[in-house]
Amino acid sequence: MRWIAALGAVVLGATLIQAPGPAFAETPASAPSASAAPTPPAVTVYGHYRTPWKNDLRIYRVLSDDTVIPLSREQWKAAGSPGVDVLPVTYARTSWSTQVYALITWPNSDGDRAVDKVATLTSASLKTIGSPRGRTVGHVPTTRYFRYQSGPQDLYARTPDGATHKLTTAERRAAGSPRGSSVVGGGWYRAAWSPVVRFVRPDGSHRTVTAAEYRRAGRPHVARPPTVFAKTAWSPVVYGLVTWPTSPSDRSVDTVAALTKAEFDRAGRPRTTLRHRIPGDSFVRLSTGPTVFHRMRGVLTPVTKSQWRAAGSPKARVVAPAKPTYIRGILVVNKSHPLPSSFGNGLRPELTKAWSAMRADARKDGVSLSIISGFRSYASQQSVFAGKVRQHGRKDAERRSARPGYSEHQTGLAIDVNSISQSWGNTRAGKWVAANAHRYGFIVRYPRGKESITGYRWEPWHLRYVGAPTATHLKKTGLTLDQYLGVTSRY
């Protein structure tokens with residue numbers, strides 16, 4: 001049927017939804033041309049009607065072929081002012097909502113009570129007709145029933161106003177047990193490592209759902225989204241490559257999550273695939289050195305030449321190092337990578353906790369350890385460096401002390417212990433620290449014989465906290481932190 005006009009503008013904000021019913025026309029249909037087909041019944045005027053809404057002054061002419069013609073007052077008078085009846089309208093609502101709908105009939109024959117239009121009534125339009133509550137029905141005409149891909153056992157109703165509701169067993173029966181064979185993409189999903197529920201729309205957009213929203217939605221079935229767990233050869237980080245599916249075959253990667261160890265364990269320690277690229281990554285080279293880095297969401301990881309080639313030899317854009325710079329998740333500070341002057345405000349809690357454990361264990365072995373220099377602000381380092389310059393001259397001072405802004409002490413992750421004499425490294429305490437500090441997450445930051453790499457002479461007393469896994473790796477391999485992070489250290 002043809003719908004050429006609508007009532008939306010005259011129902012005080014009510015939204016009209018088309019149901020099977022009459023067509024609107026500006027003028028009565030013209031007589032058909034002669035043909036060999038049987039002559040259809042003559043189209044006649046069945047009646048004239050007005051709506052219950054007071055702001056709708058038009059009169060509607062209904063023809064016997066379901067055509068509806070809106071008439072102005074002038075057109076109605078020109079037709080001889082025929083009698084006008086009020087359209088048959090019933091009011092209904094569902095058991096799960098207070099929304100009232102007007103079920104409108106355009107009669108074109110005696111006894112016609114078929115619903116031709118559904119209007120979603122606003123509070124203002126309800127007031128003009130006496131605020132009817134509407135009878136509770138199990139099904140409102142034009143309601144669509146469907147299931148989400150995430151939980152096909154759940155049946156949903158989308159009512160004429162666009163609201164979506166998960167039907168209970170009783171509500172299904174009241175609606176006539178619709179099958180709801182239409183399955184749409186999206187639905188309710190939760191990643192294997194997270195308690196967070198996400199609602200995925202059929203267009204692929206998604207959002208986090210609060211616990212209260214989930215309860216109000218009727219606690220629908222929650223599915224696991226298709227996920228690939230992947231890692232690279234140069235990093236222990238496992239990534240969850242998540243698809244929020246819009247169809248059964250959808251495997252496009254929509255979210256990339258870098259998983260912590262706890263999250264990986266929570267996911268059941270799934271099998272991982274080795275990849276040379278992660279969606280959203282890039283390769284860069286810092287302007288301070290020749291190393292190529294894999295960059296993923298700001299996290300830099302050095303790669304070897306063969307690893308870079310295996311990734312397809314992507315172009316490595318030269319970028320200035322960030323300030324501060326983190327590589328492999330570790331804050332790096334040396335002669336090539338300074339800190340902002342405002343950085344730092346004291347020793348970090350992770351350092352103090354590890355220090356307490358190390359000092360207690362050293363005491364058990366008869367070794368006494370103490371901090372003689374901890375956190376230094378930018379201004380404090382200015383004073384320390386100036387003193388070294390006065391004492392040793394600038395060239396030698398730069399082998400012994402950092403310029404302000406280039407000192408690890410400003411990070412709150414470095415301490416000097418017991419003595420600042422190289423001979424201390426040969427004492428029982430110095431040897432204990434060299435042999436055991438890695439167990440607590442500390443490294444001797446400037447080892448003997450590595451000045452060409454670190455930029456500083458041997459300092460057996462200068463300890464840097466990097467965490468036990470990294471410290472143990474450096475202890476076993478003999479690498480300096482600069483080598484491990486792939487950075488140079490020179491002014």
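These legends describe an overall view and several close-ups of one predicted protein model.

Residues are numbered from 1 along each chain as its sequence is written, and side-chain values use heavy atoms, with hydrogens and water left out. Because the model is predicted, local features need pLDDT of at least 70 and side-chain atom pairs count only at pLDDT 80 or more, while totals for chains, interfaces and linings use all residues.

**Figure 1. Overall view of the protein.**
The protein holds 13 helices and 31 strands. Helices (H or I, at least four residues) and strands (E, at least two) are DSSP runs, numbered from the N terminus. The C-alpha trace spans about 115 × 50 × 45 Å along its principal axes. The radius of gyration is 38 Å, whereas a compact globule of 491 residues would have one near 23 Å. That radius is taken over C-alpha atoms, and the globule rule is 2.2 Å times the number of residues to the power 0.38. Of the 491 residues, 46% are buried. Buried means under 20% relative accessible area, exposed over 50%, and partly exposed in between (1.4 Å probe, protein chains only). The accessible surface comes to about 24,600 Å², and 52% of this surface belongs to carbon and sulfur atoms. Areas come from the Shrake-Rupley method with a 1.4 Å probe; for residues, only the protein chains shown count as cover. Among contacts between residues at least 6 apart in sequence, 59% join residues at least 24 apart. Contact means heavy atoms within 4.5 Å.

Rolling a probe the size of a water molecule over the atoms shows where empty space is left. On a 1 Å grid over the protein atoms alone, a pocket is an open set of points where a 1.4 Å probe fits, with protein on both sides within 12 Å along at least five of seven lines; lining residues have an atom within 4 Å of a point. Grid points are joined across faces, edges and corners, and a volume is the space filled by probe spheres set on the points. The largest pocket has a volume of about 600 Å³. Its lining has 20 residues, and Ser235, Pro236, Val237, Arg328 and Tyr484 lie nearest the centre. Strands E20 (255-259), E23 (292-296) and E24 (299-303) and helix H12 (468-477) each supply at least two lining residues. H12 gives the most, with three. The lining divides into 12 nonpolar, six polar and two charged residues. Here Ala, Val, Leu, Ile, Met, Phe, Trp, Tyr, Cys and Pro count as nonpolar, Asp, Glu, Lys and Arg as charged, and the others, Gly among them, as polar.

**Figure 2. The second largest pocket.**
About 420 Å³ of space lies in this pocket. There are 22 lining residues, with Ala434, Ile443, Val444, Pro447 and Lys475 nearest the centre. Helix H10 (428-436), strand E30 (442-446) and H12 each supply at least two of the lining residues. E30 provides the largest share, four residues. By class, 13 are nonpolar, five polar and four charged.

Most residues other than glycine have a negative phi, and most peptide bonds are trans. A cis peptide bond joins Lys323 and Pro324, with omega about 10°. Pro324 sits in the loop between strands E25 (316-319) and E26 (325-327). Ser313 is not a glycine, yet has a positive phi of about 50°. Ser313 lies between helix H6 (305-310) and E25, in a loop. Ser313 is partly exposed, at 36% relative accessibility. Asn418, also not a glycine, has a positive phi of about 65°. The loop holding Asn418 runs between strand E29 (414-417) and H10. Asn418 has a relative accessible area of 26%, so it counts as partly exposed.

**Figure 3. Arg295 and its contacts.**
Arg295 lies in strand E23. Arg295 is partly exposed, with a relative accessible area of 25%. Not counting residues up to four places away in sequence, Arg295 touches Asp281, Ser282, Val284, Leu300, Arg317 and Val319. Arg328 is 33 residues from Arg295 along the chain, and their C-alpha atoms are separated by 9.9 Å.

**Figure 4. Thr246 and its contacts.**
Thr246 is in the loop between strand E19 (238-242) and E20. Thr246 counts as partly exposed, at 29% relative accessibility. Leaving aside neighbours within four places in sequence, Thr246 is in contact with Gln149, Gly185, Gly186, Arg201, Pro202, Asp203 and Gly204.
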